[in-house]
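Welcome! Open your viewer, switch to a cartoon view, and let us walk through this model together.

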Amino acid sequence: MKKAAVIGYGGMGQWHVAYMEGLSYAGMKMSKSDVVSCAGIYDIDPKKQELARLYGIHVYLSLEELLSDGEVELVVIAVPNDLHEELTIKCLEAGKNVICEKPVALSSESLERMIDAANRTGKHFSVHQNRRWDSYFVTMKRLAEEGELGDVISVETRVHGSNGIPGDWRKTKAQGGGMLYDWGVHMIDQALWMNGYDVDRVFCTLDYLTGCEVDDGCFIDIFLKSGIRCRVEVCTYNFISLPLMYVRFTEGTAKMDDWGSDIEVVHCTEWKDHDIKPVKTASGLSKTMAPRSERTIEKTVIPRDTVHVHDYYRNFCAAIDGKEEQIVTHDQMRTVMKVIEAAFKSAATGEVVKF
Ligand code: NAD
């Protein structure tokens, strides 16, 4: 069991502690980690310190105090995005392994300085890409790997909300706010983890619908060298939502409507369909857009796999012990960061950015 300390005891810091200690989070009882326990937290806000004490969590009164605790092997950084680099490097230089919250950094240069510090100190450093363990995503990725529907043609992955950007710092540029850094980074990571890191080009448009200085939505097309197109959408001004995930395969289509739904699959078992009955469209009949005859397709519903985000920590701890390779690698972090930069550049120029 490794001792971990958490810097930043806001929304996500509380999640990490609840997960380590098996506490309740947002009304949900978490199962206690089998690889890490919480040595304590450090937060500059006295109210957060008080809250931690209420849960019986030790509070470090300074960063120095936390870093000089020899029992702490691992530090989790869960502070606003602009502070990730400085704190990660300080922790690595103090001899701690570091899990940094996403987005790991605000630029490739910043990320390289963090990776340099990890290499220099010989400590492990990773970013908390926990959404790789979202059950719907894991199931869709498995479906793609099993190949029963053929090869992936395109992937659409999206989150459509209607409440604008939450909180305070997420609305400011200086603190690394905006939805591309916030949700975009998760979904870019998922898209590449599922389909490969061979990015060829990126096109992006950003929404500024709620009057903030940062984007409140993004539409990113990532074209891979393999020919697969990944469409990532993050919206906070959509009052009707489209499916969370929609994947076209060479022999079928799979769709996942919402967080709680199972995966709907249509397998095209026979391409030639001689029994198409034209459908009445708004004006006139169409065979092109008519439904296929049932004889040529097979419909199934696939329940979501059982997964656990504990596996992220299990892997990171095993990597510290030299027993496994890190699942979230530095190279993957670099590519995701470059896609984010390409997306910002594309949005600013209106052009496709070659990788
Ligand atoms: P938050 O505003 O709720 O919490 C941030 C906390 O950091 C606050 O309590 C604040 O007092 C503290 N803080 C600020 N500066 C500090 C400093 N110098 N030293 C110590 N503490 C300091 O924000 P949040 O929603 O918890 O987000 C924190 C990080 O977690 C962000 O990087 C965010 O992108 C990430 N996050 C990740 C996920 C995920 O699913 N992986 C979800 C939400 C947030």
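Which strands does helix α9 lie across? Select residues 330-349 to see: helix α9 lies across β9 (199-207), β10 (217-224) and β18, running at about 55° to β9. Helices (H or I, at least four residues) and strands (E, at least two) are DSSP runs, numbered from the N terminus. The angle is taken between axes, which are lines fitted to C-alpha atoms, for helices over the stretch in contact, and it can run from 0 to 180 degrees between N-to-C directions.

Before moving on, please keep in mind that this is a predicted model: local features need pLDDT of at least 70, side-chain atom pairs count only at pLDDT 80 or more, and totals for chains, interfaces and linings use all residues. Residues are numbered from 1 along each chain as its sequence is written, and side-chain values use heavy atoms, with hydrogens and water left out.

**Stop 1**

Is Thr-335 buried or exposed? Thr-335 is buried, because its relative accessible area is 15%. Buried means under 20% relative accessible area, exposed means over 50%, and partly exposed is in between (1.4 Å probe, protein chains only). Show the neighbours too: leaving out residues up to four places away in sequence, Thr-335 touches Leu-192, Tyr-197, Val-199 and Phe-355. Contact here means heavy atoms within 4.5 Å.

Now select Thr-349, also in helix α9. With a relative accessible area of 44%, Thr-349 is partly exposed.

**Stop 1: the sheet of nine strands**

Next, colour the strands. You will find an open sheet of nine strands in the order β17-β14-β13-β12-β8-β11-β10-β9-β18, with mixed pairing. Its edge strands are β17 (297-302) and β18 (353-354), each pairing on one side only. Two strands pair if DSSP finds at least two bridges between them. Strands of a sheet pair through backbone hydrogen bonds, either parallel or antiparallel.

Zoom in on β13, residues 252-256.

- β12 and β13 run antiparallel, joined by five bridges, and form a hairpin with two residues between them. Val-247 stands opposite Ala-254 in β13.
- β13 and β14 (residues 263-268) are also antiparallel, over five bridges, and form a hairpin with six residues between them. In β14, Ala-254 has Val-265 as its bridge partner, and Met-256 has Ile-263.

**Stop 2**

Select Glu-233 and Arg-158 and show their side chains. They meet in a salt bridge (3.2 Å, N to O). A salt bridge is a side-chain nitrogen of Lys or Arg within 4 Å of a carboxyl oxygen of Asp or Glu. This pair links distant parts of the chain: Glu-233 is in strand β11 and Arg-158 in strand β8 (residues 152-160), 75 residues apart. Glu-233 counts as buried at 7% relative accessibility, and Arg-158 is buried at 4%.

A search of the whole structure finds 31 salt bridges. For another one, select Lys-2 and Glu-73, whose side chains meet at 3.3 Å, N to O. Lys-2 is in strand β1 and Glu-73 in strand β5, 71 residues apart. Lys-2 is buried, with a relative accessible area of 8%, whereas Glu-73 is partly exposed at 30%.

**Stop 3: helix α1**

Select residues 11-21, helix α1. Buried residues here include Trp-15, His-16 and Val-17. The buried residues of α1 pack against β1 (2-7), β2 (24-25), β4 (36-42), β5 (72-77) and α8 (310-320). Just after α1, Gly-22 takes a positive phi of about 70°.

To end the tour, draw a distance from Val-17 back to Thr-349: their C-alpha atoms are separated by 42 Å, and the two are 332 residues apart along the chain.
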